[in-house]
Structure formats: structure tokens, C-alpha cells
Amino acid sequence: MEGQANAADPTVMASLPLPPPPGRQSHETYIVQLPKNQVYRVPPRENALIVEQYRNPAAPKKTRGACCSCDRRVLLTLGLIAVSIVAIVGITLATLYLIFDPTGPTFSISNLVVKSGGADWNSRPQYKVSLIANNPNEKLGIQYEAGEVSLLFEGTRIAGGRFPKLDQCREESSVVIANMSGPGGLFRWVSSSGDGPVPLELEMNLAVRIRTAGMETWLMSSNVFCHFMVTDLRNNTRVLSQKCDTDFKEY
């Protein structure tokens, strides 16, 4: 009777295992253990942004250092271009220089005019030397820069001035006036040296450029030394004799 009561008790019936469905066998339950490093979990939401940043890295921003590097490259490129142009022009000029073999200018003195300034001891006599400048080059022009001119008597500089700028074509001769001035005391010393001819010296330190094919060379030195005799320095000064030499330096 007690067994029948337990069978009829619904609480006992709920605790009993259910029979398998018809036509199906019962399945056993297995417990699978995995290592901790293989356990996959869903990452937290805050980690999703970090993952996206690794997948799509942002483009690096240009810094000031990168701009400076670009500027240096541009300056280096421009410098190399300028050096190349200078080298090409220099080689071209050197080649033309070797082909044409330039010659320095020659000079001769045609006249000397002196204005003493009268009896005024404070006046400075004016000397005007007329020169003929000759360019002997057949295919080269000469450009004269302003140079220094000195007039000497017995090794003493009695007057000084400047040589004017001048451009000459090939095989051209030009009249050049060199104006100079000096102390009045030196003029009186030269005038009272004697009644005969007066020996004088003219020195010119010139800087010239050789021109050809639309280009100019570097500045070259042309030093001119003239020894000449004149009648006197007071009345109707005439040139009696002269000899001029040019020291042309090609560097």
C-alpha cells in the first residue's frame, strides 16, 4: 500500500528520471576540459576600439623635422645645379681661352697737358695724359675696369688718378684721357729741375676682362709701365720719346 501511495505521489514522480522517448536510446553526458590558453572569450567593448586602431593605423602626421629635411634636399639640389652651371661656363671659357690665346692691350702716349694753377701755393696742378689703347686680339674684345694711374718723376709719385672704364671690340684702337692731380710743391720741384727735357714715368694698374661669344672671363691684371720724355711742364709740353710695356697676367 505504501508503495502504491508513493507511486501516486506527484512529488516523487517529478524526482524520478523520465524514460527515454520511444524509438530513441539514452545519451551519456561527457565533461570536456580545455587548457586556459585555449578558452575563447568575447572581448570587452572597450577593447574593440584598440583592435580597430591596430587594423587601420592612422597616417603619420608630418612633423617640422620632415619639412626641414625637405628644405635641405631642395637647397642641396639647387646648390648642385648652380655648381654644375658654373663648372660648365668655366670649362667653356677655359676652352675658348686656350683656343684664342688672348693678348693684353698695348698703350702709347700721345700728349700731356699740365695746368699749374698759377701762383697759388694751395692749388693742385692738373695733369691730363692722352693715351692710345690698342686691342691686338683678332677675335676677342677687351673690357677695362677702372684702374689706378700714377705719374712719377725720378721715382717719386707727383700725381695720381683713375683710368676710365672702356669697352673695345676686336682689333680696335681708342683714345683714352687719364686725368690726374698732385701737390703744387712737387710740380714746382719738377719744373725747377732744369731747362732740358723732363723724364717722366707713367704707371697703370688695370683690371680687364676678355669678351667672346657673349661671355666674359674673370678679371685679369694688366700693368702698364711707360717711360717718356717731355720738353717741360710749363709751356707747350710735347712728348719727345716714349717706351711702354704691358705686363699682362692671365690669372
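A residue counts as partly exposed when its relative accessible area lies between the limits for buried, under 20%, and exposed, over 50%. The legends below refer to a predicted model.

**View 1. Nonpolar surface patch that includes Val-74.** Five side chains, Val-74, Leu-75, Leu-78, Ile-81 and Ile-85, make up a nonpolar patch on the surface. Val-74 belongs to helix α4, which covers residues 64–100. With a relative accessible area of 48%, Val-74 is classed as partly exposed, because the limit for exposed is over 50%.

**View 2. Salt bridge between Arg-209 and Glu-145.** This contact is one of two salt bridges in the structure. The side chains of Arg-209 and Glu-145 meet with an N to O distance of 3.8 Å. Arg-209 is located in strand β7 (residues 198–212) and Glu-145 in strand β3 (residues 141–153), so the pair links parts that lie 64 residues apart in sequence. Glu-145 has a relative accessibility of 18% and is therefore buried, the cut-off being under 20%. Arg-209, at 23% relative accessible area, is partly exposed.

**View 3. Salt bridge between Arg-157 and Glu-148.** Here the side chains of Arg-157 and Glu-148 form a salt bridge, with 3.8 Å from N to O. Arg-157 is partly exposed, its relative accessible area being 43%. Glu-148 is likewise partly exposed, with a value of 36%.

How values were computed:
Residues numbered from 1 in each chain as written. Predicted model: local features only at pLDDT ≥ 70, side-chain atom pairs only at ≥ 80, totals over all residues. Heavy atoms only, no water. Patch = residues over 30% accessible without salt bridge, like charges linked within 9 Å, V, L, I, M, F, W, Y side chains within 5 Å. Areas by Shrake-Rupley, 256 points an atom, 1.4 Å probe, with all protein chains shown as cover. Salt bridge = Lys/Arg side-chain N within 4 Å of Asp/Glu carboxyl O. Helix = DSSP H or I, 4+ residues; strand = E, 2+ residues; numbered from the N terminus. Buried < 20%, exposed > 50% of the residue type's maximum accessible area, 1.4 Å probe, protein only.
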